[in-house]
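Subject: Structure handover

Hello,

Here is the structure we talked about. Please open it first, then read the notes below.

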Amino acid sequence: MGTIVAIGGGSIRNRETEPIDREIIRLTGKSQPRALFVPTASGDSARYCRQFQHAYGDTYGCFTDKLLLLGSAPDATLVRDKIACADIVYVGGGNTLKMMRRWRRLGVDGLLRKAFDRGAVFCGVSAGAICWFERGHSDSMAYYDSERWDYIAVTGLGLVKGMACPHYNGRTYNVPRRRDFRAMMRRKGGCGLGIDNHCAVVFSDVGYRVLKTKERSGAHALWIQGGELMERKLATTAEYLPIESMFESVGR
C-alpha cells in the first residue's frame with residue numbers, strides 16, 4: 001500500500017509548501033526518487049510543468065517527468081510505463097471534474113491504483129489532493145461559468161474514505177469554502193476533511209498525521225453524529241494516529 005499526502009493549498013512556485021514537499025520525498029525512502037507530475041487539471045499547463053521541474057528537479061534533486069493527457073490520445077504504453085516507474089505521483093491543481101473524466105476515459109485511474117498497491121507516494125495540491133478521496137468539494141463549475149456556478153461534489157479514486165475540501169480557509173470568487181462544505185456535509189452526510197492552505201494530511205497503512213507550514217493553518221474533521229454536524233481541528237503530531245480516531249468527539 002502506498003502513502004497519500006493531500007495538500008490543501010499553496011504555491012509550489014513560491015516554495016510555500018517546501019517542508020511538505022521535502023517530507024513527500026523522504027517518504028519514498030530514496031535519495032533521488034522519480035517524481036511524475038500530472039497537470040491534467042490545469043490543462044497540461046507548460047508553465048506549471050516548469051514550476052514543478054524547478055522545485056522537485058532543480059531544488060530538491062528528484063528525477064522528474066510529466067504525464068500529459070489532454071489533446072490527442074496519448075500513447076497507452078507510454079502512459080503505463082511512466083506511472084509504473086514513478087516513486088512519486090504529484091497531481092497539480094485546477095479543474096477536478098475535467099481531470100477525473102479524462103483519467104477514467106484513458107484508464108489512468110486503474111493504472112494509479114496499481115501504482116498505489118505497489119507502494120508509490122501519491123500527493124498533490126487542491127484537485128491533486130481531493131482526487132484520492134471518495135469525493136471532493138470542488139469549484140470545477142467556475143471554470144465553465146465564473147458568474148453562475150456552485151461548488152459540487154466530484155467522485156475521486158476512493159483510496160481514502162470520505163469527502164475532502166481543499167482551501168478550507170479560502171474562497172473561490174469570494175464564496176467561502178468552509179461555509180459551503182459544511183452545508184454540503186449536512187446534505188450528503190458521511191465524513192469529511194477540510195484542509196487549509198499551507199497544510200497537508202498524510203495517510204498511510206499505519207494511520208494519519210497533519211503537516212503544516214503556517215501556524216494558523218490546520219486540518220478539520222467533519223462528520224454527522226445524532227443528526228448534527230460535528231467538527232474539530234486535528235492535532236499536529238509527529239506520530240501517526242489511527243484514522244478512525246479522526247471522526248471521534250474529543251473525550252469519547
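At what angle do helix α4 and α5 pack, and how far apart are their axes? The angle is about 85°, and the axes are 5 Å apart. Helix α4 covers residues 96–106. An angle from 65 to 115 degrees counts as roughly perpendicular. That makes α4 roughly perpendicular to α5. On the α4 side, the contact is made by Trp 103, Arg 104 and Leu 106. On the α5 side, Val 108, Asp 109 and Leu 112 take part. By class, this contact has four nonpolar residues, two charged ones and no polar ones.

Keep in mind that this is a predicted model.

Next, the other helix pair. Helix α3 spans residues 76–84, and helix α5 spans residues 108–117. They pack at an angle of about 25°, with their axes 9 Å apart. Angles under 35 degrees count as roughly parallel. α3 and α5 are therefore roughly parallel to each other. The crossing of α3 past α5 is right-handed. From α3, the contact uses Val 79, Arg 80 and Ile 83. From α5, it uses Val 108, Leu 111, Leu 112 and Ala 115. Six residues of this contact are nonpolar, one is charged and none is polar.

Now the cavities. How many reach 30 Å³ or more? The count comes to one. About 30 Å³ of space lies in the largest cavity. Its lining is made up of Gly 94, Thr 96, Ser 126, Ala 127, Ile 130, His 137, Ser 138, Asp 139, Pro 166 and Arg 177. Two elements, α6 (127–130) and β6 (133–138), each give two or more residues to that lining. By class, the lining has five polar, three nonpolar and two charged residues.

Best wishes

Note on methods. Residues are numbered from 1 along each chain as its sequence is written. This is a predicted model: local features need pLDDT of at least 70, side-chain atom pairs count only at pLDDT 80 or more; totals for chains, interfaces and linings use all residues. Side-chain values use heavy atoms; hydrogens and water are left out. Axes are lines fitted to C-alpha atoms, for helices over the stretch in contact, and angles run from 0 to 180 degrees between N-to-C directions. Helices (H or I, at least four residues) and strands (E, at least two) are DSSP runs, numbered from the N terminus. Angles under 35 degrees count as roughly parallel, over 145 as roughly antiparallel, 65 to 115 as roughly perpendicular and the rest as oblique. A crossing is left-handed if the near helix is turned anticlockwise from the far one by less than a right angle, and right-handed if clockwise. Contact means heavy atoms within 4.5 Å. Ala, Val, Leu, Ile, Met, Phe, Trp, Tyr, Cys and Pro count as nonpolar, Asp, Glu, Lys and Arg as charged, and the others, Gly among them, as polar. On a 1 Å grid over the protein atoms alone, a cavity is a set of points where a 1.4 Å probe fits but cannot get out, and a pocket is an open set with protein on both sides within 12 Å along at least five of seven lines; lining residues have an atom within 4 Å of a point. Grid points are joined across faces, edges and corners, and a volume is the space filled by probe spheres set on the points.
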